[in-house]
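Good morning. I shall present one structure today, and I ask you to keep it in view as I speak.

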Amino acid sequence: METLVSLQNRLQELEATARKLEQPDEAFRTDRVEPAAEEAFAYARHFLSTLPEQKAFVEDVTTPRLLQQYPVQDEPREASEVFTVLHRVFDNVSLNAASGGHLAYIPGGGLYYAALGDYLAAVTNKYSTVFYISPAAVKMENLLIRWMCELVGYPADKSGGYLTSGGSLANLSAIVAARDAREVKAERIPRSVVYFTHQVHHCVLKDLRVAGLAECVIREVPMNEAYEMRAEALAAMIEADLKEGLYPWLVVASAGSTDISAIDPLNEIADIAEKYKLWFHVDAAYGGFFLLTEMGKQKMKGIHRADSVVMDPHKGLFMPYGTGAVIVKDVQTLWRSNHFDANYMQDAIPYHDEISPADISPELSRHFRGLRVWLPLQLHGLKPFRAALEEKMLLTQYFYHEVKKLGFETGPFPELSVMIYRYVPAHLKGNITAINEYNAKILKKVNADGKVFISSTSLNGEYWLRLAVLSFRTHHTHIDYLLQLLKKIVEEEQLS
Ligand SMILES: Cc1ncc(COP(=O)(O)O)c(C=O)c1O
């Protein structure tokens, strides 16, 4: 009896403290100000209203150390104190990926309505993995996936997929499905051959390793001068490998390479993949949503013939980081690689007619990614997305022409919205090391200014500056600013 009383007393004590976690519910119920919510919205308001004046990049890796003074502790801190720290460590420190001046790394978006979707997803804590438990969340994701399948041109009856955390994991999922569909089992791996070009995103190599396929034979297919796969070279390599008794099973094409937005000849690769029964995967993590534009559709003809496609909403749909997608022509392939029934999930079994992300992905409990994608698409409609994507392609073409006028060399004409360029001063012609150093200096100077942020890449031992235009906030003024800055820097260098 005494034990029961002390148990109840302890429960009361614990409940009084534990209920503090529910504190905002009461504030909202009674229309009182909720300090953390006020601070968070004030933060967002300040951030967005000052964004045009903020720098895109400020090199600073020391300020964030301030966080060390705020270890996790038993007692709460005041909201005002906590948000002051956030301002200190986030504002004007390092990359500002929300800035229109971010022209460096296939920028990433951060649409405001997506943030509202995330907010509601977290407040309601909707589960989004099993149809039986959360039909609306799963249906929402499935309909978004259906829309992406239509965009690619996949048949409605069998295709499917799911939202991932990004392109790397989406590519991993496609590779695992391909591995199982083509029965690349342990003893076969050292004789199994994978084909792609040097332009393939490095995550594909990482994914092959993670999928247990590091010992596969990797063939880098030669490219043409536009850094696109030479289809006839692919066919010749496959023929040679077959003669050697090897097992060609996977070809990965890029639809928008990260370095220069090259698009491999998808139709020709599809013909070869069909002929030799290879799984045909297209990494369109960056390029995929350009299918929303007429130009993009023309350039990616044949993408519907791929067995699997990766396209990232956190790239071409301007969603916040953490939103990728993998879609496959036959959803059974993802199901075969990922599906499991667990005893404690037996109530969900009658609902297998609607695909649940749990059935086709390695995840179980997961972020409700669908809402952050669905809400902006509903509230904006598709028109501004199409316009923004075409604008980014044209801005890149504009830069291509204008930077040439400044005396810069360029790489191939940009297929989408990434391109390369470099300055070769007359007195350094032929001296690769000096030209590389010269361009590295230009990059340093642009980024020290910080109003725009650029990157570089290395191709055949040559250092190239790189322009990546995919922030929804990047417009004509940002590109003109970069052009003016480049002109000034080159003029200064010539005088020095
Ligand atoms: C073509 C391509 N594939 C894959 C990835 C990797 O995507 P994530 O960074 O979302 O993992 C990227 C990233 O830029 C990419 O451009």
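I shall take a pair of helices, then a single helix, then a residue in a loop.

This is a predicted model, in which local features need pLDDT of at least 70 and side-chain atom pairs count only at pLDDT 80 or more, while totals for chains, interfaces and linings use all residues. Residues are numbered from 1 along each chain as its sequence is written, and side-chain values use heavy atoms, with hydrogens and water left out.

Let us begin with the pair. Helix α3, residues 35-50, packs against helix α4, residues 79-90, at an angle of about 25 degrees, and their axes are 9 Å apart. That angle makes α3 roughly parallel to α4, a label given to angles under 35 degrees. In α3, the residues that meet α4 include Tyr43 and His46; on the α4 side, Phe83 and Phe90 are among them. Contact here means heavy atoms within 4.5 Å.

Next, consider helix α16. This helix covers residues 383-405, 23 residues in total, and reaches 33 Å from its first C-alpha to its last. Its buried residues (under 20% relative accessible area, with a 1.4 Å probe and protein chains only) include Phe385, Leu389, Phe399 and Val403. Just after α16, Gly407 takes a positive phi of about 95 degrees.

Finally, where is Ile303 found? Ile303 sits in the loop between α11 and β8. Ile303 is buried, with a relative accessible area of 3%. Leaving aside neighbours within four places in sequence, the contacts of Ile303 are Val152, Leu266, Val282, Ala284, Leu291 and Val309.

Definitions and conventions. Helices (H or I, at least four residues) and strands (E, at least two) are DSSP runs, numbered from the N terminus. The expected span of a helix is 1.5 Å times one less than its number of residues. Buried means under 20% relative accessible area, exposed over 50%, partly exposed in between (1.4 Å probe, protein chains only). Axes are lines fitted to C-alpha atoms, for helices over the stretch in contact, and angles run from 0 to 180 degrees between N-to-C directions. Angles under 35 degrees count as roughly parallel, over 145 as roughly antiparallel, 65 to 115 as roughly perpendicular and the rest as oblique.
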